[in-house]
Amino acid sequence: MQPFSYAKVFSQAAAIATIKQDKNAEFIAGGTDLLGLMKDGVQVANTLIDINSLPLGNIEFQIHGIRIGAICRLSDVAFHPQIQECYPVITQALLQSASPQLRNVATVGGNLLQRVRCGYFRDPVFPCNKRTPGRGCAAITGYNRMHAIFGASEHCIAVHPSDLAVALTVLDAVICIQSAEKIRRISIHDFYLLPGETPQTETLLQPGELIVAIEIPDFAYKSHYLKVRDRASYEFALVSVAIALQIEQNIIKSARIAFGGVAPKPWRVWEVEEFLKEKVINTATFTAAGELAIKEAKPQTHNEFKIELVKRVLIRGLSTSCAG
């Protein structure tokens with residue numbers, strides 16, 4: 001384990017001022033991802049800035065939605081009675097994330113910022129453009145069963161690992177970010193970046209900025225989160241889907257759909273959503289939506305099975321959502 005300094009802060013201003021003094025400093029709350037990266041020699045941090053004492057642990061229901069503090073623990077969010085009632089897709093996604101022990105420690109902000117679970121990224125022996133831009137992507141010619149079939153580039157094919165981020169994508173969540181100068185509010189659709197030619201840049205978060213909260217607007221949809229993985233316990237998605245529907249008299253009036261486990265960011269399928277508007281709820285509709293969802297898929301050597309899995313997950317998710 002590399003040596004590092006530890007600093008505990010008690011205000012957002014102090015946290016931001018401390019991190020600006022050292023470009024290799026990192027915020028830490030739960031640390032469930034960061035400490036592992038440091039132990040593996042993948043990420044360097046000269047100073048860890050403990051933000052657990054900041055007033056960012058509240059869940060507040062407001063006039064037009066909900067605000068979740070960035071250091072809320074995943075378990076507290078998952079079991080919050082009003083979230084279970086009004087935003088069940090969040091609870092479903094979180095209860096299929098990690099393990100109960102990790103959910104008791106991990107935070108909302110940390111979960112959204114966790115790094116990719118690509119084995120080549122997490123082993124410094126292999127070349128990786130995320131760690132060292134220009135060195136190449138070992139996953140492209142390696143074992144890439146867990147990797148992307150959408151949104152990848154010749155520089156990176158890793159997928160984003162967060163279940164929560166997929167659920168928040170269909171909720172049109174906004175990420176609130178504070179710097180020394182201002183607070184920025186960024187749609188989750190814009191927050192995550194595709195790898196393109198700069199895979200080392202994963203989000204719009206800038207040095208010296210701190211995620212302080214997630215804001216979610218009012219939600220009047222039926223929702224469901226479905227995750228397919230290699231085992232039922234702690235495991236990342238092969239394919240997952242978050243679905244939100246407005247239904248009237250057996251007609252889909254509006255749909256929101258995002259996939260996980262298939263792209264470098266939560267993969268919103270806008271064309272499928274448009275197709276589903278005013279469609280009758282039946283197997284033919286769901287099957288056509290599944291075919292449309294995989295139209296742009298570009299599989300790797302070992303993950304072509306994800307194409308069929310995307311279709312099946314969407315059909316099952318739509319069926320469950322409409323029946324519930």
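**Salt bridges and their surroundings**

Analyst: Let us begin with burial. In this predicted model, R256 has a relative accessible area of 13% and is therefore buried, the cut-off being under 20%.

User: Which residue does R256 meet in a salt bridge?

Analyst: A salt bridge requires a side-chain nitrogen of Lys or Arg within 4 Å of a carboxyl oxygen of Asp or Glu. Here the side chain of R256 pairs with that of D172, at 3.5 Å from N to O. The two residues lie 84 residues apart and link distant parts of the chain: D172 sits in the loop between α9 (163-170) and β6 (174-178), while R256 belongs to strand β11 (residues 251-260).

User: Is D172 buried or partly exposed?

Analyst: D172 is partly exposed, because its relative accessibility is 27%.

User: How many salt bridges are found in the whole structure?

Analyst: The search returns 21 salt bridges. Among them are two further pairs. R231 and E235 form one, with their closest N and O atoms 3.6 Å apart; R231 is partly exposed at 47% relative accessibility. E274 and K277 form another, at 3.3 Å between the closest N and O atoms; K277 is also partly exposed, with a relative accessibility of 38%.

Technical notes. Residues are numbered from 1 along each chain as its sequence is written. This is a predicted model: local features need pLDDT of at least 70, side-chain atom pairs count only at pLDDT 80 or more; totals for chains, interfaces and linings use all residues. Side-chain values use heavy atoms; hydrogens and water are left out. Helices (H or I, at least four residues) and strands (E, at least two) are DSSP runs, numbered from the N terminus. Buried means under 20% relative accessible area, exposed over 50%, partly exposed in between (1.4 Å probe, protein chains only).
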